[in-house]
Amino acid sequence: MEDYKNKLGNLADKLKKEQPKTPIQEVLPVRVAAPIEPEVQFNNRIPKDLLKRLKTFGLEYDESLKDINIQALELYLSHKAKPEQTTKNAE
């Protein structure tokens, strides 16, 4: 029992002598995101092989299917649609 008390006493002395090591946190300012355009659901059917290719592409280039679809539709409209039809306010 005496040995146990000595060990505990030594521990208390060590704790008094050493400063506790607390992690230092870095404070960063919060980034203000650009206003997000409201989103709507868009659903359609595509060939199974095309979906596999899209998923593979997304994994390879670390992009979501949503981002790939948006980019593809924007590119398509920029090439096919008349300039007055591609405005963001069109409904």
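**View 1. The salt bridge between E39 and K66.** The structure holds 1 salt bridge, and in this predicted model it is formed by E39 and K66, whose closest N and O atoms are 2.7 Å apart. E39 lies in the loop between α1 (2–17) and α2 (48–61), whereas K66 belongs to helix α3 (residues 65–80), so the pair ties together parts that are 27 residues apart in sequence. With a relative accessible area of 57%, E39 is exposed, while K66, at 43%, is partly exposed.

**View 2. Helix α2 and the residue just after it.** Helix α2 is made of 14 residues and reaches 20 Å from its first C-alpha to its last, a span close to the 20 Å expected at 1.5 Å a residue. Just after α2 comes D62, which takes a positive phi of about 55°.

View 3. The structure holds 1 aromatic pair, formed by F57 and Y61, with the ring centres 4.6 Å apart and an angle of 40° between the planes. The pair counts as tilted, because an angle between planes is called stacked under 30 degrees and edge-to-face over 60. F57 and Y61 are 4 residues apart in helix α2, and therefore they are separated by about one helical turn.

Methods
Residues are numbered from 1 along each chain as its sequence is written. This is a predicted model: local features need pLDDT of at least 70, side-chain atom pairs count only at pLDDT 80 or more; totals for chains, interfaces and linings use all residues. Side-chain values use heavy atoms; hydrogens and water are left out. A salt bridge is a side-chain nitrogen of Lys or Arg within 4 Å of a carboxyl oxygen of Asp or Glu. Helices (H or I, at least four residues) and strands (E, at least two) are DSSP runs, numbered from the N terminus. Buried means under 20% relative accessible area, exposed over 50%, partly exposed in between (1.4 Å probe, protein chains only). The expected span of a helix is 1.5 Å times one less than its number of residues. Rings of Phe, Tyr and Trp (its six-membered ring) pair if their centres lie within 6.5 Å; planes under 30 degrees apart count as stacked, over 60 as edge-to-face and the rest as tilted.
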